[in-house]
Amino acid sequence: MQLPAELVNKYNKQAPRYTSYPTVPLWENNLDTSEWNELVKKAFQDFGKKEGISIYIHLPFCESLCTYCGCNKRITKNNGVKDPYIQALLAEWNKYKLIFTGKPKIAGIHLGGGTPTFFEPSYLHHLISSILDGAEVTANAEFSFEGHPNNTTFEHLKTLNDLGFDRVSYGIQDFDAQVQTAIHRIQPFEKVKYATDSARILGYTSINYDLIYGLPHQTMETMGDTFSKVYELRPDRIAFYSYAHLPSAFPAQKSFEKSLPSEAEKSELYEFGRSLLVKMGYVEIGMDHFALPNDPLTLAKNNGSLHRNFMGYTTLPSKILIGLGASSISDVYYAYAQNEKNIGKYESLVIQNTFAIQKGHIQTKLDIIVGKVIQNLICRKQARIPQEVSERLSDDQLTTLKDMEKDGLLSINRDEIYVSELGMKVIRNICSQFDLRLAENQSKKALFSKTI
């Protein structure tokens, strides 16, 4: 079901991606390290001992700049950056281990970047084996990493697989040569095929491709060719992201501004890509994500156990996500904390045996209630709206919700909201109607990308 052009124009507005509530720009920044210590300890006692914890490790280095990228990264070919950064990661982890009141149970590890495969296999082996030393791994743990097809070697894949990794995500973005040149992400199909085949030979059970629509020089024809190549390799999951054009924050994006598709063309590219994915047998999980019918994400969607956190959609139920590394974000249910983004400052603080927290937010009871509403809308397409939320909705929010109902995006039955298939295309807009903090800080909308 395609979103009509008039609704694209009406609802293609800036809104958060809701990997957390509140979203990072709306945090109160009211957290100090002593409070963080106590809240981590409380969360571990309340949830961690039973559910286990997930770990996100940010490895920020890249050898070259992909001009579309909005991630926190450092471009370098200097091997000298590797040892001090690994040492800092382990020092940070050891500080968390001192807070935990018992042996940590690891429910998941994800290596993100940057380019995790910037590090040789020996570095990754040392990092992961050191983290696992003295910890217990849960029976259903999920270990995954992001790989660049150009430098993900068979040895990378084998080393991580031997440590328990069986999921890999490759940043493909687009296979067209002109598009790749414009975004400075040149990777031949043969490289991607080799990285994909190697993972399968080693027994990886899940391979994800990141694809982006709205990139410079993209057309229906080039996207059709990209998706035919994707179909040939048939990854288990696909993240089909909207390109976020924020040149004021990421100046490199200015290099291809004049080659971007119009908003209408971008919407058509999304609908075309989505239709191809459905024809290829993929199930739409929710915002941006698709998976094959028997994939755990699809099964979780079907049985109502899907979750969403800073890493996107997940099947992991753990309420604790510990972020290690520069700019990493931790979520311990009661509070959020983000590390210092500057790599040098991060390393210095951690080696001094303190947390490198740059900003944080202590959750209020209302934050937790609103967060559950948004989580249910994104993961289950429906939510009960508690009185604590409904009585705080502004006239503008209520009016927009009524408009959305008239436009067929959702239905309202007393205190229940049900999102239609059409509404899922603008789910970020729907969620933002219950975002009480965004309603109070309308100027912050400019910090977010448009929804289509």
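The sulfur of Cys-431 lies 9.2 Å from the closest cysteine sulfur, in Cys-379, so the gap is too far for a bond. A disulfide here is a pair of cysteine sulfur atoms within 2.5 Å. By this rule the count comes to 0 disulfides. Cys-66 is in no disulfide either; its nearest cysteine sulfur, that of Cys-69, is 6.4 Å away.

This is a predicted model, where local features need pLDDT of at least 70, side-chain atom pairs count only at pLDDT 80 or more, and totals for chains, interfaces and linings use all residues. Residues are numbered from 1 along each chain as its sequence is written, and side-chain values use heavy atoms, with hydrogens and water left out.

Burial is listed below (buried: under 20% relative accessible area; exposed: over 50%; partly exposed in between; 1.4 Å probe, protein chains only).

| Residue | Relative accessible area | Class |
|---|---|---|
| Cys-66 | 10% | buried |
| Cys-431 | 0% | buried |

Now the second largest pocket. A pocket is an open set of points on a 1 Å grid over the protein atoms alone, where a 1.4 Å probe fits, with protein on both sides within 12 Å along at least five of seven lines; lining residues have an atom within 4 Å of a point. The second largest pocket holds about 680 Å³ of space. Its lining has 30 residues, with Arg-308, Lys-319, Asp-331, Tyr-333 and Gln-375 nearest the centre. Strand S11 (307–309) and helix H12 (365–380) are the elements that give two or more residues to this lining. H12 supplies the largest share, 9 residues. By class, the lining has 12 nonpolar, 11 polar and 7 charged residues.

Definitions and conventions:
Points joined across faces, edges and corners; volume = space filled by probe spheres on them. Helix = DSSP H or I, 4+ residues; strand = E, 2+ residues; numbered from the N terminus. Nonpolar A, V, L, I, M, F, W, Y, C, P; charged D, E, K, R; others polar.
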